[in-house]
Structures are given as C-alpha cells and as structure tokens.
Amino acid sequence: MVDFRMPSLGADMEAGTLVEWLVKPGDWVKRGDIVAVVETQKGAIEIETFETGQVEGILVELNSKVPVGTPLARIRTEGEAKAAPVAALSPAAAPVISPPAPAAAPPAIPPAPAPVAPPPSPAVAPAAPARTRISPAARRLAEARSVDPATVTGSGPGGAITYADVARRAAEPTPSSERKRAPTLDLDAMRTAIAAAMARSKREIPHYYLAHQVDVTACEHWLSQKNAALPPDNRLLIGALTLKATALAAHSFPAFNGFYRDNKYEPSEAVHVGVAIAIRGGGLAAPALHDADQLSLDDLMSRMRDLVQRTRAGRIRSSEISDSTITVTSLGERGVETLYGIIYPPQVAIVGFGKVLVRPWVVDGAIGPRSVITITLSADHRVSDGHAGALFLTEIGKLLQEPDKL
Amino acid sequence: MQQEALQQGTIDTSYREAVRQAIRDAIMRDERVFLMGEDVGRYGGCYAVSKGLLAEFGPERIRDTPLSESGFTGAGIGAAMAGLRPIVELMTVNFSLLALDQILNTAATVRHMSGNQFGVPLVIRMATGAGRQLAAQHSHSLEGWYAHIPGIKVLAPATLEDARGMLWTALQDPDPVLIFENVMLYNITGNLAADAGPVNIDKAAVRRPGRDVSLITYGGSLWKTLEAATALAAEGIEAEVIDLRSLRPLDDATIMTSVTKTRRAVIIDEGWRSGSLAAEVAMRIVEQAFWELDAPIGRVCSEEVPIPYPRHLENAAIPQAPKIIAAAKAALGRA
Amino acid sequence: MNDIDIRKVVQEELNNIAPEVDMAGVDPKADLREAIDIDSMDFLNFITAIHHRLGIDIPEIDYPKLITLDGAIGYVEAKLGLGKT
C-alpha cells in the first residue's frame with residue numbers, strides 16, 4: 001500500500017488545491033497515468049502517478065487546499081492487489097494453494113505431488129476494455145480528419161462506427177477545450193511565479209550571451225516540399241526543426257543540458273526541452289517536451305502542438321513542470337530579429353530563435369536573398385564558457401543546413 | 001426495365017421470345033450460324049425457345065441431336081474450329097456436366113494448347129436455376145463453377161434487352177461463350193425496342209441507383225433484388241442494384257464504384273454459398289475496396305441442400321426478397 | 001451552406017483560438033496575425049480546424065490568401081464552389 005501525495009511542482013510550491021479526480025476507488029492505474037488535477041500558481045497541473053496498482057481510497061475532498069506531501073489517495077500496488085482478490089475469492093475452509101505473489105513469502109509447499117488444486121484464477125486481471133468497432137471506411141476517415149473514434153457513437157451493425165458517424169463528428173465545431181471543466185489560468189499567480197524564477201536567475205546565475213546568424217533557406221525549401229503533400233494535421237512548422245536541432249546539439253554538448261543544484265552541475269543524459277509558450281493575455285510557461293532528441297520530426301511536431309494546446313488550456317502535466325533540462329524560446333514570425341532569454345533555474349542554458357528574415361547573403365561568392373535566422377544562447381558561466389557556447393550554437397546552425405537528416 | 005411507357009417503336013414481348021428472335025436474327029445475318037441440341041427442332045426446345053424455327057430454317061440450321069451432351073458439344077467445338085458459328089443448347093446446367101470435359105478440357109484450352117493456331121468461337125446456351133419444381137437434377141445454379149474457368153466467357157442475361165442482344169455479341173467472340181438463361185425468366189414480359197440489337201457483354205449494369213447499400217446480383221435473382229429494393233425504399237433505404245451480366249470476366253470497376261459510394265454490399269447469388277461466385281465478388285471487394293467498407297459484406301445464397309421438389313421447400317431454399325431485405329438492413333445496422 | 005454560415009464557421013474557429021476577441025469588431029481586411037494576436041501554431045490550428053470541419057484541402061502555398069477574415073471566407077467559399085462569380 002502506498003500513498004499518493006500532493007507533489008511539489010517546484011521549489012516555491014507549498015500547497016495545492018485538488019480540483020479534479022480522474023480516478024475512483026477500484027480503478028486500476030499504471031505508472032504515468034494522470035490521476036488528478038491540482039491547481040497551483042502555475043495553473044492547473046495534471047498529476048501523474050508513479051505507482052501501478054489499484055486505487056483503494058480517496059483521502060482528500062475536491063477543492064481542498066492541502067500542503068505538499070499530504071496523502072491524497074491510497075494505491076494498492078500490483079502485487080498486493082493481485083494477491084488480495086484471489087484470497088478473497090477462496091472459501092476460508094478449503095485448502096488453497098496461493099498463486100505466486102511477489103509481495104508474499106513463498107508458501108512452504110513440500111515437493112511431494114500436490115493434491116489437485118484449481119489453477120490460479122486469471123480473472124483478477126483488470127478487464128480489458130471492449131474494442132471499439134469501427135468500419136474500415138470510418139477508420140480511414142477518422143485518421144484523415146483526426147477524429148478520435150472514442151468520441152464517436154456508432155450507428156452501424158453491432159454498434160460499429162460508420163463513415164457517416166465519423167463525418168458527422170468531424171463536422172461538429174471543434175470544442176474550445178478538451179473538457180468542460182475550464183481551469184482558469186490565474187495570470188496574476190503566474191506572473192508572481194515568473195517574477196520569482198527570473199529574479200532568482202538574475203540573482204544567482206552569471207549569464208553570458210552569444211548570437212549567431214544562420215541561413216535557413218534549406219529548411220524553408222524542405223518544409224514547403226514536405227508540407228505540400230500533407231494534410232494540415234501532419235504539416236510541420238520551422239519551430240519543429242529548430243527545436244530538434246537544439247535537442248540534438250544539447251545531447252552532444254552536455255555542458256548546456258542539465259541542472260545546477262547545490263553548487264554542483266549535474267549534466268543530464270536525457271534531453272527534455274522546455275518549450276517557452278506565451279499565454280494569451282500575458283503569461284509564459286515552459287513545459288518540458290520529453291526526449292526531444294529521440295523523436296522523429298513528425299512526432300516532435302504533434303507533441304509540440306499537443307503541448308501548446310494543453311498549456312494554453314491550462315492543462316500541464318506534473319512531469320512537464322520540472323523536468324526540462326534546457327529551454328528553447330522563439331518569438332516567431334511576428335517577433336524581432338534577436339532575443340536573449342533568461343535561464344530558468346536550475347537549468348543552465350536557454351536558446352533563442354528570432355524571426356526569419358530575408359537578407360542579402362553571400363553564397364559561393366555572390367550576394368543573393370536568403371532566409372536568415374538569429375540564434376542566441378544565454379548560458380550559465382559557472383558551468384560553461386563562451387568558447388563551448390560558440391561551438392554549441394554553431395552545431396545548431398550546421399544541423400539546420402540538412403533538415404532531411406533531423 | 002427502363003422503358004415502362006408504351007412508346008412508339010417498342011414491342012410487347014417476353015424473355016423467351018427475345019431469345020428466339022436473337023437466334024433468328026443470328027441465323028439470318030450469318031450463314032455460318034446454326035442451332036443444335038436435344039429437342040430443339042421438332043419439339044421446339046424443352047423451354048419452347050426454338051419453337052417454329054425448324055419450319056422456318058430447316059434441319060440444316062436447326063439440328064436435333066441424340067441424348068449425348070458430350071457428343072454434340074464436341075461436334076459443336078469441331079464445327080467452330082472448322083469455321084462455323086454453332087449455338088449449342090444444353091437443356092439444363094445439370095446436364096451440362098456431361099459435357100464438362102468438352103467445355104473445360106477442349107473448348108477452353110484449345111487456343112492455349114495449339115499455341116494460338118485454333119480458336120473455338122462457340123456459343124453454348126443453357127437453362128439454369130430453380131423455381132419450376134423440377135427437383136434436384138434439373139434446378140441447380142452452377143454458373144459460378146463455369147465462371148472459374150479461364151478461356152471462356154460466362155454471361156447471365158436477366159433482361160429482355162440482354163436476352164435479345166447478348167447472343168450476337170457472343171457469336172462475334174473468337175472464344176467460347178456460355179450463356180445462362182434462368183428458367184424463371186422465360187415468361188417475363190415487357191417492352192423492348194423494335195430495333196433492339198446487340199449489347200456489350202463485358203459491363204455490369206446499374207439497374208437501380210441508390211446510395212445506402214449495393215445489392216449485387218445477376219440472372220434470375222435480379223428481379224427479386226429489385227423487388228427488395230422497392231420495399232427497402234419504402235423504409236427510407238436507397239439500395240443500388242447491380243446486375244453483373246457477365247460472370248466471367250467480372251466488371252470490377254462497376255462493382256467498386258458502387259461499393260465506394262454506398263460503403264456496403266450484399267451479394268445475391270442463387271448458387272450455393274460455399275465456394276460461390278458471391279464469395280469471389282466479396283473477396284474482390286475486400287481486395288480492392290476494403291477501406292471503403294462500412295459493414296461486413298452480406299450474402300444471400302441458396303441453402304446448401306439439393307434443391308427440393310415441394311414448392312414451399314424449393315422457395316425456401318433459394319434467395320427471396322425477404323431474405324435480401326433482411327441482409328440489406330443488417331448491413332445498415334438496422335436488423 | 002451559405003455565405004453567412006461560412007462566416008460563422010470561420011469566426012467560430014478563430015474564436016476557439018482567441019476566445020476573448022469579439023470577431024464582429026475585427027477589421028475584415030486586417031492581417032489576422034496582428035488583429036487577433038495569433039502565431040504560426042495558432043494559424044496552423046485554424047487551417048486544420050477548417051480542413052476538418054468543411055473537408056476542404058488548404059495547401060500551405062495558399063496560406064497568404066487566408067490571412068484576413070474576408071480572404072479566409074472567400075477562399076473557403078471558392079473551395080466549396082460557392083463563389084459569387
């Protein structure tokens with residue numbers, strides 16, 4: 001039995017308000033499942049569990065504000081949960097041979113031939129959800145129009161989802177948020193959190209700044225060719241390329257990817273890129289895009305879209321709050337030429353991308369118009385020096401010359 | 001039948017009469033054409049198709065044969081190879097099995113085995129299907145078996161136009177063509193253009209357009225299927241009825257176009273279900289239009305019994321409109 | 001679907017991205033990126049939503065034609081064969 005506790009989502013968090021349970025007693029959860037939503041200064045955060053097992057009981061009522069560390073629910077871990085129902089199913093008087101249970105001591109069974117015993121019941125496994133019936137035509141349409149079949153009611157044979165069912169669903173207005181519960185982002189609280197983090201950064205981190213202009217004409221050509229053949233759902237933005245290039249470079253340059261804590265730098269093997277996302281009405285969050293260096297561009301783009309959408313809807317996950325090992329910030333097409341970021345502690349680097357501008361550029365000895373972007377690096381001088389920073393930025397620029405290899 | 005109104009230039013006629021006129025026309029147009037088979041002359045054909053033709057054209061062109069399907073089909077193959085254009089009539093598809101060796105091992109293979117030196121421009125007509133209480137040795141629908149054989153074409157005229165028009169086109173074909181006339185069609189009547197003539201023999205026809213489900217059929221089942229489609233329309237289900245017309249080769253394009261539109265298919269085939277032509281059509285749909293489907297493909301076939309003699313059992317054994325309606329509704333999830 | 005419906009669909013989808021904006025008050029000839037403060041990701045989401053809702057294909061090369069409210073409505077109408085010409 002383990003307690004599921006109010007997590008700490010940053011050093012400055014003292015308490016959180018439990019605003020939604022996504023599980024109920026008896027439900028099975030596995031590591032990584034989202035089980036609750038907690039309102040914090042940073043907005044509503046979806047909380048994941050680290051345990052696999054069965055929810056035994058809910059300990060905190062909705063809308064109560066509790067300190068970090070307070071048990072919120074009790075989870076019976078896998079081994080316990082499997083053992084228990086079997087025991088409960090067996091009449092106490094009958095001789096029983098327990099199925100092997102990892103949590104229990106091995107029963108002392110003599111090696112003599114055992115009396116005939118019923119085999120361990122497989123019925124304790126959680127029932128697999130019934131497969132959604134969906135016709136081939138409907139499945140193809142759902143893919144093309146990005147309709148989640150789980151949201152469609154089937155009208156075909158045996159309740160199967162048909163083409164018309166998907167078409168009807170696709171024609172409905174896009175819901176403005178995934179769920180009816182609208183977690184209002186508290187922009188004032190967010191501003192307070194940004195202020196604290198940025199003040200701490202400027203107080204503690206000796207920043208140094210570098211800038212590097214890179215020709216991204218190849219990226220633009222490659223993108224327009226690739227996107228021409230794709231439906232809007234699968235199209236890529238240049239932001240996916242710059243993010244991937246940064247992640248790959250960060251993997252090769254560990255001095256920019258990790259945490260500075262307790263006067264010590266811990267480089268990170270994994271590259272979790274914090275994506276700076278502007279919130280309408282003023283506000284900023286930089287949730288982590290996990291293992292960005294390992295993702296294909298297509299996956300990276302769809303994860304980016306999901307992350308931006310959830311962040312703006314106020315639904316960040318707990319693991320996305322504090323996992324970032326480096327941050328990327330970009331002001332996009334309506335931004336300015338150059339921006340220098342402030343490092344988000346305890347990270348040690350932030351990479352900025354300015355607006356893509358058409359500039360006279362020398363290629364093979366001749367001046368011609370090229371699309372040029374200014375990449376900047378703000379890095380922690382306690383961990384790295386300008387020379388390493390320059391190599392890191394140059395590497396990002398090089399990677400952007402061959403977009404098909406990203 | 002599209003031409004319902006009594007327009008000028010149309011005649012009231014029957015399927016039997018249309019077949020007879022097709023034979024007359026062919027004999028008159030081409031001196032190489034002749035008809036032979038059991039009882040086609042003096043008796044006028046066991047389904048009375050050739051009644052009167054012996055008097056009109058004489059025994060050279062209308063030839064009665066001994067009761068030996070293998071023998072006279074072989075004679076027809078020889079005549080065709082030697083330059084004539086025989087029409088061989090086999091009394092029923094059940095009896096055609098006696099000539100199967102000639103049809104499969106000779107007619108269908110000669111072009112292949114002679115290295116294209118010889119062809120067999122032969123037409124074989126035969127009756128098929130149940131419904132006349134002729135019991136298990138006269139009532140089966142084995143055209144699906146013939147549609148298995150490369151080297152021949154297999155036709156199933158279901159309308160007056162096709163009964164009138166397919167024969168001449170078949171006679172122009174350089175290879176054997178088998179024409180299956182469902183016994184329940186001989187008596188159907190309707191209007192036919194007075195100048196009705198040859199028709200294509202390689203395209204399926206949409207006999208009734210619709211958007212909700214494709215009912216794919218041929219031959220004697222066409223009229224039951226159209227009856228079912230009318231009943232379905234009364235319940236708001238718009239069925240599209242496809243008449244295959246040619247069972248070999250199959251017109252895949254028309255089938256797939258229809259199924260792509262309706263996303264549902266039911267195949268109505270008087271053959272037995274196992275290993276049937278319906279199975280072949282269904283599999284082609286799966287191969288070529290799987291991603292268009294909205295429901296499992298349905299089949300209405302004959303019960304897997306020898307066709308019974310008693311009328312109520314005979315009717316129960318073969319496809320009927322209520323079964324077709326039920327299968328169409330099942331495909332729409334309205335069962 | 002008539003002219004008014006398409007205007008409504010386009011405005012609804014833009015409002016899903018920028019909920020606080022009164023679309024009736026937006027200059028129909030203004031660059032939407034400026035007028036309602038949307039970025040390239042927002043714009044892509046708008047294109048995706050229109051694609052799904054109306055089933056029309058909008059190639060990337062046509063994006064500039066949809067950059068104003070009037071432009072977007074006209075483009076969608078033309079794609080649906082509802083043009084007034």
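A word on conventions. Residues are numbered from 1 along each chain as its sequence is written, and chains are lettered from A and ligands numbered from 1 in the order in which they are written. Because the model is predicted, local features need pLDDT of at least 70 and side-chain atom pairs count only at pLDDT 80 or more, while totals for chains, interfaces and linings use all residues.

I will start with chain A. Its secondary structure comes to 9 helices and 20 strands; helices are DSSP runs of H or I with at least four residues, strands are runs of E with at least two, and both are numbered from the N terminus. Chain A has 406 residues, and 34% of them are buried. Buried means that 20 or more other C-beta atoms lie within 10 Å of the residue's own, exposed means 12 or fewer, and partly exposed is in between, with C-beta atoms placed from the backbone. Of the contacts in chain A with a separation of 6 or more, 62% are between residues 24 or more positions apart. Two residues are in contact if their C-beta atoms, placed from the backbone, lie within 7 Å.

Now chain B. It has 13 helices and 14 strands, and 51% of its 335 residues count as buried. For contacts between residues at least 6 apart in sequence, 79% in chain B join residues at least 24 apart.

Next, the cores. A nonpolar core here is a set of buried Ala, Val, Leu, Ile, Met, Phe, Trp, Tyr and Cys residues joined through C-beta atoms within 7 Å. In soluble globular proteins, nonpolar side chains tend to be buried together. In this model the largest core has 113 residues, and B:Leu155, B:Leu167, B:Leu215, B:Val266, B:Ile324 and B:Ala328 have the most contacts inside it. A second, separate core has 90 residues, including A:Ala73, A:Ile75, A:Ile373 and C:Leu44. Back to B:Leu155: beyond four places in sequence, its contacts include B:Met166, B:Ala170, B:Phe180 and B:Arg245.

On to the interfaces. How many residues does each chain give where chain C meets chain A? Chain C gives 20 and chain A gives 22. On the chain C side, the elements with two or more residues in the contact are α1 (3-17) and α3 (40-54). The largest share, 9 residues, comes from α3(C). By class, that side of chain C has 8 nonpolar, 5 polar and 7 charged residues. Ala, Val, Leu, Ile, Met, Phe, Trp, Tyr, Cys and Pro count as nonpolar, Asp, Glu, Lys and Arg as charged, and the others, Gly among them, as polar. Between chains B and A, 11 residues of chain B are in contact with 11 residues of chain A. The chain B side has 7 nonpolar, 1 polar and 3 charged residues.

Now a helix pair in chain A. Helices α6 (residues 238-252) and α9 (residues 386-399) of chain A pack at an angle of about 135°, and their axes are 9 Å apart. Axes are lines fitted to C-alpha atoms, for helices over the stretch in contact, and angles run from 0 to 180 degrees between N-to-C directions. The angle makes α6(A) oblique to α9(A); angles under 35 degrees count as roughly parallel, over 145 as roughly antiparallel, 65 to 115 as roughly perpendicular and the rest as oblique. From α6(A) the contact takes A:Ala245, A:Thr246, A:Leu248, A:Ala249 and A:Ser252, and from α9(A) A:Phe392, A:Glu395, A:Ile396 and A:Leu399. Those residues divide into 6 nonpolar, 2 polar and 1 charged.

A:Glu395 lies in helix α9 of chain A. Is A:Glu395 buried or partly exposed? It counts as partly exposed, because it has 17 C-beta neighbours inside 10 Å. Leaving aside neighbours within four places in sequence, A:Glu395 is in contact with A:Ala249, A:Ser252 and A:Phe253. A:Glu395 and A:Ala249 are 146 residues apart along the chain, and their C-alpha atoms are separated by 6.1 Å.

Last, A:Thr162, which sits in the loop between α2 (136-144) and α3 (163-171) of chain A. A:Thr162 counts as buried because it has 26 C-beta neighbours inside 10 Å. Not counting residues up to four places away, A:Thr162 touches A:Ser135, A:Ala138, A:Gly154, A:Ser155, A:Gly156 and, in chain B, B:Asp294.
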